Amino acid sequence: MAEDKKKVILDEIEDTVRTIGVLTSGGDAPGMNAAIRAVVRVALSKGLKVRGIRRGFHGLLREEIIDLSARDVSDTIQRGGTILQTARCQEMRTEEGQQKAAAICKKYGIDGLIVIGGDGSFAGAQKLANLGVRTVGIPGTIDLDIACTDYTIGFDTAVNTAMEAIDKIRDTSTSHERCSIIEVMGRDAGYLALWCGIANGAERILMPEEHDYNEEELIKDILLNKKRGKKNYIIINAEGIGDSLNMAKRIEEATGIETRASIIGHMQRGGSPTCKDRVYASTMGAMAVELLCDGKTNRVIGYRDGKFVDYDINEALSMKKEISAYQYEIAKTLAL
Ligand code: F6P
């Protein structure tokens, strides 16, 4: 066979993904199972083999790799959490860990890897792409704090879970005419706090992005609120500010108004995904497989301006995202 022709055939073979690996990494998020299911079924429909990697990059480094069939993902679309389990992995931040992970992918014939997680997980995917494993990232986090996308898997479910819990707290807060501090998740990002603040009609939203909030002014506002005839004062406090229990004591002391703190915690990360999380996660899972089949690598999927899109991971990681100052201002006006 002529050398040129041989080279074309070899290039074609190298360009074809035969085995796709999928893992979930970082904090779990409702809808991750819908994405895994879509990856598995779309890949199988294209005649590819699918390997599930348990416990994220941590599991990859320990070769916790299983074959996935269409039946393995039956009855999972409605389930919260991740059937593959997840972990945070320091080792993957080291060059040694990255080399080892790439070698394990090669050993198991994984020529395309789909990583469902946040920015830290995408950084791992980027390193693997540089080492010759094709990678695509899917944004999965309840925090919504991934710059290249307006949507992340799990946020919709988490914010609705928190909203329903806050509605319940509000009922008792009104009955007792109390001040209620409700702590929602979000160590570094205030999206959950902002959305709940608006959706639950909170008087005040405290977010990590506005760390230097003034407690004296807050206390004055609570007293003014009472004068205005309002029956309660709801503060949505993001985990990144925290200190809700002590804050409640200080406010009660300074205002004489009974104040209670409730920390909603990890219940926000669990539960059956909303319709939106199931549909968007399924779409993103399918797209990730298509991208790998098109020979793409080092990509991350996003949802921007009403469309599903994909970006180079390097570009995605360099983007910045800011809380909407407009929505934050509206929330204050709506609290009148
Ligand atoms: O998944 C994101 C997140 O829920 C953050 O809001 C929170 O700070 C963090 O994970 C907590 O994670 P864990 O308790 O699992 O360490």
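**Ground rules.** The model is predicted, so I kept to its limits: local features need pLDDT of at least 70, side-chain atom pairs count only at pLDDT 80 or more, and totals for chains, interfaces and linings use all residues. Residues are numbered from 1 along each chain as its sequence is written, and side-chain values use heavy atoms, with hydrogens and water left out.

**Domains.** I looked up the division first. Domain 1 is 2-154 + 273-318 and domain 2 is 156-269; the bounds come from an automatic or database domain assignment. Their centres, taken over C-alpha atoms, are 37 Å apart. I found 14 residues of domain 1 in contact with 11 residues of domain 2 (contact means heavy atoms within 4.5 Å).

**Polar contacts.** Here I used pairs of N or O atoms within 3.5 Å. A polar side-chain atom of Arg88 is 3.1 Å from a ligand oxygen atom. Gly186 places a backbone N or O atom 3.0 Å from an oxygen atom of the ligand. For Arg187, a backbone N or O atom lies 3.5 Å from a ligand oxygen atom.

**Cover.** On its own the ligand has 400 Å² of accessible area, and the protein covers 81% of it (Shrake-Rupley method, 1.4 Å probe).

Terms used: Polar contact = N/O pair within 3.5 Å; in protein donor to acceptor, adjacent residues only side chain to side chain.
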